[in-house]
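This briefing covers a helix, its surroundings, the aromatic pairs and a pocket. The sequence and structure come before the notes.

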Amino acid sequence: MAGDWIKVEKTTPDKPEIRFIARACKVSVGEAFCGWFRLWKYFDDQTADGEIKFFTPEDADSIGQIPGLGNALSTDQGCGWITYH
């Protein structure tokens with residue numbers, strides 16, 4: 001479908017945050033990027049404003065298919081791309 005796409009910057013796979021996620025989760029940069037993309041696709045599908053109640057780091061791990069992804073993305077312990085409430 002024409003509306004089923006997400007704009008991703010060409011530089012996203014090479015961002016320092018993606019490399020941080022790869023190191024923190026002990027995966028390749030490509031795997032880290034794919035996990036991040038799966039998660040951002042989920043957010044795009046589930047919410048208009050990027051906020052999901054009761055979302056946990058474990059949810060991020062499951063959706064991104066990478067153990068530790070949720071913590072690696074967190075503002076508390078990781079690169080600062082997700083805040084959990």
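**Helix α1 and its surroundings**

Directly after helix α1 comes Lys-26, with a positive phi near 60°. Helices here are DSSP runs of H or I with at least four residues, strands are runs of E with at least two, and both are numbered from the N terminus. The model is predicted, so local features need pLDDT of at least 70 and side-chain atom pairs count only at pLDDT 80 or more, while totals for chains, interfaces and linings use all residues. Residues are numbered from 1 along each chain as its sequence is written, and side-chain values use heavy atoms, with hydrogens and water left out.

- Helix α1 spans residues 16–25, and its buried residues are Ile-18, Ile-21, Ala-22 and Cys-25. Viewed down the axis of α1, these buried residues fall within an arc of 100°, so they line one face of the helix. The arc is taken from the directions from the helix axis to the C-beta atoms.
- Buried means under 20% relative accessible area, exposed means over 50%, and partly exposed lies in between, with a 1.4 Å probe and protein chains only.
- Pro-16 and Arg-23 are exposed on the other side of α1.
- The cover over the buried residues of α1 includes α2 (29–46) and α4 (69–73).

- Thr-12 is in the segment before α1 and is buried at a relative accessible area of 5%.
- Leaving out residues up to four places away in sequence, Thr-12 touches Ile-18, Phe-33 and Trp-36. Contact means heavy atoms within 4.5 Å.
- Gly-35 belongs to helix α2 and is buried, with 0% relative accessibility.
- With residues up to four places away in sequence again not counted, Gly-35 touches Gly-64, Ile-66 and Leu-69.
- From C-alpha to C-alpha, Gly-35 and Thr-12 are 13 Å apart in space, and they are 23 residues apart in sequence.

**Aromatic pairs**

- Rings of Phe, Tyr and Trp (its six-membered ring) pair if their centres lie within 6.5 Å; planes under 30 degrees apart are stacked, over 60 edge-to-face, and the rest tilted. The count by this rule is 11 aromatic pairs.
- One of the pairs is Trp-40 with Phe-43, which is edge-to-face at 5.4 Å centre to centre and 75° between the planes. Both residues lie in helix α2, 3 residues apart, about one turn of the helix.
- Trp-40 is partly exposed, at a relative accessible area of 26%, whereas Phe-43 is buried at 12% relative accessibility.
- Phe-55 and Tyr-84 form a stacked pair, 6.4 Å centre to centre with 5° between the planes. Phe-55 is in the loop between α2 and α3 (57–64) and Tyr-84 in the segment after α4, so the pair ties together parts that are 29 residues apart in sequence.
- Phe-55 is buried, with a relative accessible area of 9%.
- Ring pairs join a cluster whose members include Phe-33, Trp-36, Phe-37, Trp-81 and Tyr-84.

**Largest pocket**

- The largest pocket holds about 290 Å³ of space.
- Its lining has 13 residues, with Gly-50, Glu-51, Ile-52, Thr-83 and His-85 nearest the centre.
- A pocket is an open set of points on a 1 Å grid over the protein atoms alone where a 1.4 Å probe fits, with protein on both sides within 12 Å along at least five of seven lines; lining residues have an atom within 4 Å of a point.
- The residues of this lining divide into 8 nonpolar, 3 polar and 2 charged. Ala, Val, Leu, Ile, Met, Phe, Trp, Tyr, Cys and Pro count as nonpolar, Asp, Glu, Lys and Arg as charged, and the others, Gly among them, as polar.

Note on methods: Points joined across faces, edges and corners; volume = space filled by probe spheres on them.
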